[in-house]
Amino acid sequence: MIKLKVNGIDHSFDGDPDMPLLWYVRDILGLTGTKFGCGIALCGACTVHKNGEAIRSCITVMSAAANSEIRTIEDLSANGLLALQETWMQVNVPQCGYCQSGQIMQAVSLLKNTPHPTDQQIDDAMAGNICRCGTYQRIRQAIKLAAEKTA
Amino acid sequence: MNRIENVSRRRFLKGVFGTGALILSVRYIPPLWAQGQSTDGQTDADRAILHPNLFVGIQQDGTVYIVAHRSEMGTVIRTSLPLVVADELDADWKRVKIDQAIGDKRYGDQNTDGSQSVRRFYNTMRECGAAARWMLIQAAAQQWNVPASECSTVLHAVVHNTTRKRAEYGELASAAARLTVPKKEQLQLKKPSEWRYIGKGVTSVDLQKLCTGQAVYGMDARVDGMVYASIEHPPVFGGKVKSLDDKEALKVAGVHQTIGIDPFKPPAAFQPLGGVAVIADNTWAAFQGRKKLKITWDNGPNQSYDSVEYKKELQETAHKPGKLIRGVGDSGKAFPTGNVFEADYYVPLLSHVPMEPMVALAGFKDGKVTAWAPTQNPQAVQAIVSSELGIPVQDVICHVTLLGGGFGRKSKPDYVAEAAVLSKKLGRPVKVVWTREDDVKFDYYNAVAAMYMKAAVDGKGKPTAWLQRSVFPPITSTFDVNAVYGDPGHLAQGWTDLPYDLPSIRIENGPAQAHVRIGWLRSVANIYHAFAIQCFTDELAHRANRDPMEYLLDLIGPPRTLDFTNVDYPNYGADYKTFPWETGRLRNVIEMVAGKSGWANKKSAKGHGFGFAAHRSFLTYVATVVEVEVTEDGEISIPRVDTALDAGIVVNPEAVRAQFEGAVVFGTSIVRTGEITAKNGVIQQSNFNDYPVARINEVPAQTNVYITESSAPPAGVGEPGVPPFVAAFCNAIFAATGKRVRDLPLSSNSLFA
């Protein structure tokens with residue numbers, strides 16, 4: 001039996017311990033904000049936080065998530081939109097939006113560790129998150145604006 | 001043609017808008033759809049999710065419902081088209097609710113493809129809004145016993161101009177519903193100066209949901225009792241299962257059973273590819289079970305397909321006389337000798353790879369199918385599910401979810417047909433989930449193309465004779481196994497319509513047999529056509545030691561409307577009188593981008609180059625300047641892109657800017673790494689490791705988009721940004737390195753790799 005916390009709620013799981021966390025949160029818990037994009041940690045659409053750090057849930061198996069605190073996009077705005085989500089809306093980042101949960105989870109993690117990132121630091125942190133619509137210019141802008149807001 | 005009718009009293013509306021609501025619909029009566037019954041919203045499934053049947057509805061509480069009948073994949077179309085209705089209605093946007101339409105022929109064309117949603121429906125949407133406003137004014141005038149001519153609208157209300165009496169739309173809805181819908185001649189459309197929203201735009205109605213994980217895509221659709229399916233497709237196009245051993249697969253926890261799917265009967269069109277489906281409790285179990293299948297395949301006739309050999313074949317064909325598509329001037333005479341220059345260009349197969357892989361949920365019950373799908377074309381879903389299952393079209397209900405990207409792939413509903421076929425066999429709802437590997441390997445690829453270019457030039461380097469010949473497996477091959485020549489519609493994408501003013505032009509096309517499914521992908525044939533023409537033109541300019549922009553303007557010649565008399569030129573399906581090909585508009589965007597980018601002062605040097613290209617596609621004129629930097633190690637970066645466009649009237653400028661920003665990123669992927677190859681008929685790429693797309697550190701650092709103020713009818717915006725960028729990027733690379741990019745992508749070009 002694997003125990004873990006997802007968005008502050010205790011859960012236990014007695015299925016395949018090799019099941020990636022992605023499919024657990026999506027298919028079992030019904031938290032569909034976290035997306036499936038590639039299945040092998042190449043696109044970042046599945047990014048969630050494990051104990052506060054951005055991870056790729058598509059390659060994080062349930063046994064590796066045991067006893068951890070998982071946070072998904074659904075919980076991010078539980079107490080109102082984050083400054084980053086507000087700037088994301090302000091500069092109108094999303095097009096199709098499918099990758100944006102992962103982009104935002106990754107960017108939150110970046111700002112937590114590096115509150116005032118340079119362009120290079122943004123590129124380094126975000127290069128694992130693909131946006132096929134090509135919203136990168138606005139992603140960079142939204143991250144910078146959020147960094148300014150929390151100056 | 002569209003006509004507007006009042007359908008307020010028709011029975012099927014009650015459930016949606018309530019009694020007394022004012023509802024208008026636009027009935028589209030194209031010959032294709034004139035037969036058969038419409039699905040009119042009477043089923044339980046229909047009522048379960050928002051899907052009103054009509055474009056406009058106004059409730060007594062003042063809520064305005066506007067139907068979005070086109071699919072949302074990031075272009076903001078499900079905001080922008082209803083916004084046009086709201087403008088003519090003088091509706092308060094905050095009180096508008098958008099309803100996503102199901103697939104239904106009564107909406108007319110729903111294939112959200114070809115950059116044509118606004119172009120096709122702009123007038124219709126304006127008329128819908130204006131007709132509703134007219135009826136509200138009439139109702140108020142009757143109520144106040146004054147002439148309607150003395151009344152007008154303010155935001156969401158009618159006022160009497162002299163007494164200042166005022167009635168909210170909601171108060172008038174019931175009375176207005178008893179009136180006859182006005183004739184088109186009675187409608188008074190707003191003057192552009194009166195527009196509230198058109199030209200100003202709003203953000204997506206889904207914006208907050210997109211930023212909080214609340215948006216529902218096809219991947220997120222769920223219904224009670226559903227199972228998950230993952231399908232092992234024949235590795236070679238046209239192959240089929242020879243033998244199956246599923247014993248190990250069935251041992252995987254959560255796996256229920258396997259189901260065979262019949263191979264398609266050629267042509268493939270939108271039929272399932274066939275193979276073996278693994279049915280399971282969840283997506284992961286289905287994937288795991290699938291890995292344990294032991295299948296031997298009969299690979300069929302395409303197993304000899306080798307993309308290296310195929311490239312040679314295409315290029316050989318491109319060097320032989322082909323079919324004449326268009327001839328100008330002395331094109332019938334022998335090509336001049338002397339100062340002749342020729343070059344070959346090549347673009348490989350390209351895959352769409354939208355972030356959301358193919359996925360669909362379908363439930364078959366009591367002879368009817370209800371599907372939830374991220375589809376660009378819900379009516380095509382109805383058609384293919386109907387034919388696969390042998391049920392009437394109106395018994396296929398297709399709900400359209402948000403799309404996690406489309407780029408043309410999701411106009412082809414083979415994956416929805418799979419879910420429907422499996423659901424019928426299982427008797428319960430099935431969600432088919434493709435892996436990324438499935439997506440890359442079983443796409444409808446953008447055609448691989450070889451272009452042969454030849455010009456004889458005069459003393460100033462200007463062509464006196466021009467020959468261009470393209471060879472590519474046509475999209476029509478997906479629907480007709482015998483098709484080998486480009487069809488007029490795709491040849492017209494930047495090939496037939498070469499806008500140059502030269503004494504002799506010969507435009508040809510050669511035959512090519514397809515060995516995979518060929519389909520349309522963002523910008524389609526314009527990608528390889530513009531690449532060849534705009535890069536070849538740049539080469540000629542450099543050979544003549546002339547500025548590429550000045551040179552191109554010289555070749556385009558004076559402002560004029562191109563004459564396509566006796567030429568098969570479909571013009572993107574648009575009326576040529578309404579959307580003529582005007583060289584003056586192309587010249588204007590070139591001059592605009594020259595000014596905005598400071599082209600005159602841009603001096604290329606080793607390691608730092610500026611490239612330029614211009615192209616009309618989807619009725620929109622675009623000119624693009626790209627700046628590149630190349631390090632000693634050959635690493636290429638793009639500090640800046642400037643792109644100017646004339647798309648006629650622009651409804652939502654912010655959305656248009658976003659589309660053009662995205663187009664250069666899409667183009668960056670094409671140039672840097674876009675390549676699908678095949679060996680023994682099997683596609684060699686599988687995921688983002690071997691089919692990479694551009695990441696944040698590889699794309700232009702800054703893209704500036706300049707929109708021409710225009711009163712011309714609205715044209716396309718989703719696709720036209722890609723083709724000129726691809727060519728301009730390659731021209732910039734030449735300016736920085738002296739090396740010509742004639743074979744895409746850079747990653748497999750021996751000059752750059």
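## Surroundings of A:F36

Leaving aside neighbours within four places in sequence, A:F36 is in contact with A:L22, A:A45, A:C46, A:C58 and B:M219. The coordinates are those of a predicted model. A:F36 lies in the loop between α1 and β3 (47-50) of chain A. Is A:F36 buried or exposed? A:F36 has 28 other C-beta atoms within 10 Å, and a residue is buried if that number is 20 or more, so A:F36 counts as buried.

A:L84 is 48 residues from A:F36 along the chain, and the C-alpha atoms of the two are separated by 23 Å.

## Helix α1 of chain A

A:L22, one of the contacts of A:F36, is also one of the buried residues of α1(A). This helix covers residues 21-28, and seven of its eight residues are buried, so the rest of the structure largely encloses it. The buried residues are A:L21, A:L22, A:W23, A:Y24, A:V25, A:R26 and A:D27. The list includes A:R26 and A:D27 as well as A:W23 and A:Y24.

Within chain A, the buried residues of α1(A) pack against β1 (2-6), β2 (9-13), α2 (62-65) and β5 (69-71). After the helix comes A:G30, with a positive phi near 75 degrees.

## Helix α4 of chain A

A:L84 belongs to helix α4 of chain A, residues 83-90, where A:L84, A:Q85, A:T87 and A:W88 are buried. Around the axis these residues cover an arc of only 165 degrees, which puts them on the same side of α4(A). An α-helix has 3.6 residues a turn, so residues three or four places apart point the same way.

What do the buried residues of α4(A) pack against? In chain A the partners are α3 (73-76), α5 (100-113) and α7 (136-149), and in chain B the partner is α6 (207-212). Just after α4(A), A:N92 has a positive phi of about 60 degrees.

## Contact between the chains

The two chains meet through 43 residues of chain B and 46 residues of chain A. On the side of chain B that touches chain A, the elements giving two or more residues are α6, α8 and α17 (653-672) of chain B. Of these, α17(B) gives the most, with six residues. By class, this side of chain B has 20 nonpolar, 16 polar and seven charged residues.

## Overall form of chain B

Chain B contains 18 helices and 28 strands. A compact globule of 753 residues would have a radius of gyration near 27 Å, and chain B agrees with this at 27 Å. The C-alpha trace spans about 85 × 75 × 45 Å along its principal axes.

Of the 753 residues in chain B, 58% are buried. Among contacts in chain B with a separation of 6 or more, 80% are between residues 24 or more positions apart.

## Strand β18 of chain B

Strand β18 of chain B, residues 396-400, has five of its five residues buried, so the rest of the structure largely encloses this strand. Both of its faces are covered, with B:V396, B:C398 and B:V400 on one side and B:I397 and B:H399 on the other.

β18(B) pairs in the parallel sense with strand β17 (residues 368-373) of chain B over five bridges. In this pairing B:W372 stands opposite B:H399. With helix α10 (residues 378-389) of chain B, β17(B) and β18(B) make a right-handed β-α-β unit.

## Backbone geometry to check

Two residues other than glycine have a positive phi in loops. A:N51, with phi near 50 degrees, lies in the loop between β3 and β4 (53-56) of chain A. A:N51 has 12 other C-beta atoms within 10 Å and is exposed. B:V353 has a phi of about 35 degrees and lies in the loop between β15 (340-347) and β16 (359-365) of chain B. B:V353 is buried, with 27 C-beta neighbours inside 10 Å.

Where are cis peptide bonds found in chain B? One runs from B:P266 to B:P267, with omega near 0 degrees; B:P267 is in the loop between β11 (255-261) and β12 (275-280). Another joins B:L744 and B:P745, with omega about -5 degrees; B:P745 is in the segment after α18 (722-737).

Methods:
Residues are numbered from 1 along each chain as its sequence is written. Chains are lettered from A and ligands numbered from 1 in the order in which they are written. This is a predicted model: local features need pLDDT of at least 70, side-chain atom pairs count only at pLDDT 80 or more; totals for chains, interfaces and linings use all residues. Helices (H or I, at least four residues) and strands (E, at least two) are DSSP runs, numbered from the N terminus. The arc is that of the directions from the helix axis to the C-beta atoms. Two residues are in contact if their C-beta atoms, placed from the backbone, lie within 7 Å. The radius of gyration is taken over C-alpha atoms; the globule rule is 2.2 Å times the number of residues to the power 0.38. Ala, Val, Leu, Ile, Met, Phe, Trp, Tyr, Cys and Pro count as nonpolar, Asp, Glu, Lys and Arg as charged, and the others, Gly among them, as polar. Two strands pair if DSSP finds at least two bridges between them. A crossover is right-handed if, with the strands pointing away from the viewer, the path from the first strand over the helix to the second runs clockwise.
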